[in-house]
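Dear colleague,

I am passing on a structure for you to look through, and below it I have set down what was found in it. Please keep the sequence and the 3D view open while you read.

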Amino acid sequence: MFTGIIEHSGTIESLDLRADGGRLTIHAPSVAPSLAVGNSIAVNGCCLTVVSLGKQGFSADLSGETIAKTSFGAKNGALLEKGARVNLEQPLTAGKEFGGHFVLGHVDGTGRVAHLTPEGENWWYAVEVPDDLARYIVPKGSITIDGISLTVARWRNRIAEIAVIPYTYEHTNIRDRQPGDAVNFEADILGKYIERHLEARNSSSASTLTIRQLVEQGF
């Protein structure tokens, strides 16, 4: 589990994609010494497993499902070529401050950057949300974009706008974003659980079991 508080960044050394999977290699000297093969790490919000490790970086395998669901497989505007900056977060450990929100690293889908507009010392970061994820967007609620825990300040016409402070801008790959770029979305897990509970409750019906059927079954 993660919190969406980005503490490290890295750059892509290689991204080898095939129809059924691929491999991603990240140059990340700030975090590599604290990793081990088999560890989990979130890369742009996607939870991956470290399969090989060096002093300056690591590699992770990508499944076909991961490629299909994330910006790693986006055909246009992904900006995920060699040298592209990625957000990195290690899993939450017991006793560590919980600074963001519940993030699982399970990407629900991708959207597109609408604009990144400066306003004073801050920025307005706007992203277009896919239809199937729009129901999870709540004004003033949490959303994960490329692994970053963000708060939706404005919500209209399937565009979520986030007020980005200078620290977040400088310490994440938001500063690299251009309109049309693909980004990873993870909806708030609490909203998804509530939706699933309501669906189950609404679909349940009263039992049609009768006394006669019980008798016929020997009860």
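The largest pocket takes the largest share of its lining, 4 residues, from strand 10; strands here (E, at least two residues) and helices (H or I, at least four) are DSSP runs, numbered from the N terminus. A pocket is found on a 1 Å grid over the protein atoms alone, as an open set of points with protein on both sides within 12 Å along at least five of seven lines, whereas a cavity is a set of points where a 1.4 Å probe fits but cannot get out, and lining residues have an atom within 4 Å of a point.

Before going further, please note that this is a predicted model, in which local features need pLDDT of at least 70 and side-chain atom pairs count only at pLDDT 80 or more, while totals for chains, interfaces and linings use all residues. Residues are numbered from 1 along each chain as its sequence is written, and side-chain values use heavy atoms, with hydrogens and water left out.

To return to the largest pocket, its volume is about 280 Å³, a volume being the space filled by probe spheres set on the grid points, which are joined across faces, edges and corners. Its lining has 16 residues, and Ile-5, Ile-148, Ser-149, Leu-150 and Thr-168 are those nearest the centre. At least two lining residues come from each of strand 10, strand 12 and helix 2 (166-171). By class the lining has 9 nonpolar, 7 polar and no charged residues, where Ala, Val, Leu, Ile, Met, Phe, Trp, Tyr, Cys and Pro count as nonpolar, Asp, Glu, Lys and Arg as charged, and the others, Gly among them, as polar.

There is also 1 cavity of 30 Å³ or more, and the volume of the largest cavity is about 30 Å³. The residues that line the largest cavity are Val-129, Leu-133, Ile-137, Ile-143, Phe-185, Glu-186 and Ala-187, which by class are 6 nonpolar, no polar and 1 charged.

Which residues have the most contacts inside the largest nonpolar core? They are Tyr-125, Val-127, Ile-145 and Phe-185, in a core of 22 residues; such a core is a set of buried Ala, Val, Leu, Ile, Met, Phe, Trp, Tyr and Cys residues joined through side-chain atoms within 4.5 Å. Two or more residues of this core come from each of strand 8 (122-128), strand 9 (142-145), strand 10 (148-151), strand 12 (159-164) and strand 13 (182-186). A second, separate core has 21 residues, among them Val-43, Ile-67, Ala-84 and Val-86.

Asp-146, in the loop between strand 9 and strand 10, has a positive phi near 50°, and Asp-146 is buried, with a relative accessible area of 1%. Arg-158, in the loop between strand 11 (154-156) and strand 12, has a positive phi of about 65°, but Arg-158 is partly exposed, with a relative accessible area of 29%. Buried means under 20% relative accessible area, exposed over 50%, and partly exposed in between, with a 1.4 Å probe and protein chains only.

For the chain as a whole, there are 4 helices and 13 strands, and buried residues make up 42% of the 219 residues.

With best wishes
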